[in-house]
Amino acid sequence: MRPVAISVDTPDQSAALCRKAGYTFTFLSDPKAEVIRRYDLLHKRGGPDGKDIARPAEFLVDAAGVVRWRNLTEDLRKRTTPEDVLQAAQLLH
Amino acid sequence: MINRQDRVPGPVKRQWNWRIWTGFLLALAVIPAYFLFFLRFPVTRDVPWASWLMFAGAGWLLLAGVSRAFANSAVYRGKIAGPFLAFLSLTAAIFFAYATLYASRQLPAAGDAPRVGEKAPEFTLVAVGGNTVAMSSLLSEPMPGMEGQKPRGLLLVFYRGYW
């Protein structure tokens with residue numbers, strides 16, 4: 001399973017995050033929130049200075065491109081756990 | 001010879017009311033403790049019981065301190081500071097309740113987000129380093145360090161951003 005992080009951040013901002021946190025997986029930049037809108041995850045004026053950003057969400061997509069698991073949190077403070085994701089990853093076997 | 005009784009009695013120094021100040025400092029510590037520490041662990045993050053326990057302890061100390069200040073004001077200080085610090089502590093508790101019970105739940109519903117069993121919409125985006133990456137290529141290119149194997153799938157993590 002390949003982790004892919006997507007946000008409105010520019011590649012440079014994501015690069016700074018990866019350097020700071022030591023992340024080595026793929027970070028994609030969606031500055032105009034086009035893909036975020038396509039996934040219906042736009043949080044209008046949710047960011048600093050009223051910027052449109054993504055709401056938190058996770059999707060597990062199989063090799064055929066089909067969603068096998070998803071997590072749409074209702075609370076910003078509550079995100080999925082590594083344990084939940086690893087359990088969901090069993091669906092790909 | 002001077003008898004002890006003959007000394008001019010000075011004003012009695014009233015005792016410092018430590019319960020009030022300890023309670024206030026405990027209440028003041030709840031919000032930074034939650035956002036800097038308890039938020040890291042799902043068990044203290046999702047239901048902030050540890051934070052409410054801190055508020056309960058602070059409330060108990062403040063109540064004990066304030067009631068001493070009023071019931072025994074000849075001995076204990078804090079008739080003015082007590083109610084004032086209790087009010088500030090209550091304000092912190094109300095703010096914490098607002099932040100965790102209301103503000104953090106104001107997320108759009110995402111009613112049309114792809115469901116389980118549906119095809120995930122294809123996308124092409126720019127990655128760190130400037131390469132343009134398509135979802136299909138993320139599925140078909142081998143994983144680093146996995147001996148040329150393709151990934152079994154993708155974990156798409158949409159997040160708010162780093163600011």
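Author: Helix axes here are lines fitted to C-alpha atoms over the stretch in contact, and the angle between two of them runs from 0 to 180 degrees between their N-to-C directions. With that in hand, and remembering that this is a predicted model, we can turn to two helices of chain B, namely H3, which spans residues 49-71, and H4, which spans residues 81-101. Their axes lie 10 Å apart and the helices pack at an angle of about 160°. Because angles over 145 degrees count as roughly antiparallel, H3(B) is roughly antiparallel to H4(B). The crossing in which H3(B) passes H4(B) is left-handed.

On the side of H3(B), the contact is made by B:Ser51, B:Trp52, B:Phe55, B:Leu62, B:Val66 and B:Phe70, while H4(B) contributes residues including B:Gly82, B:Pro83, B:Leu85, B:Ala92 and B:Phe96. Sorted by kind, the residues of this contact comprise 12 nonpolar and 3 polar ones, with no charged residue among them.

Chain B also meets chain A, where 52 residues of chain B are in contact with 62 residues of chain A. About 5500 Å² is buried between the two chains, and carbon and sulfur atoms give 61% of that area. Of the area that chain A buries against chain B, A:Arg2, A:Tyr39 and A:Arg77 supply 17%, more than any other three residues. Between chain A and chain B the count is 1 salt bridge, and the side chains of A:Asp75 and B:Arg105 meet in a salt bridge with an N to O distance of 3.2 Å.

Note on methods. Residues are numbered from 1 along each chain as its sequence is written. Chains are lettered from A and ligands numbered from 1 in the order in which they are written. This is a predicted model: local features need pLDDT of at least 70, side-chain atom pairs count only at pLDDT 80 or more; totals for chains, interfaces and linings use all residues. Side-chain values use heavy atoms; hydrogens and water are left out. Helices (H or I, at least four residues) and strands (E, at least two) are DSSP runs, numbered from the N terminus. Angles under 35 degrees count as roughly parallel, over 145 as roughly antiparallel, 65 to 115 as roughly perpendicular and the rest as oblique. A crossing is left-handed if the near helix is turned anticlockwise from the far one by less than a right angle, and right-handed if clockwise. Contact means heavy atoms within 4.5 Å. Ala, Val, Leu, Ile, Met, Phe, Trp, Tyr, Cys and Pro count as nonpolar, Asp, Glu, Lys and Arg as charged, and the others, Gly among them, as polar. Buried area is the accessible area (1.4 Å probe) that two parts lose on being put together, summed over both. A salt bridge is a side-chain nitrogen of Lys or Arg within 4 Å of a carboxyl oxygen of Asp or Glu.
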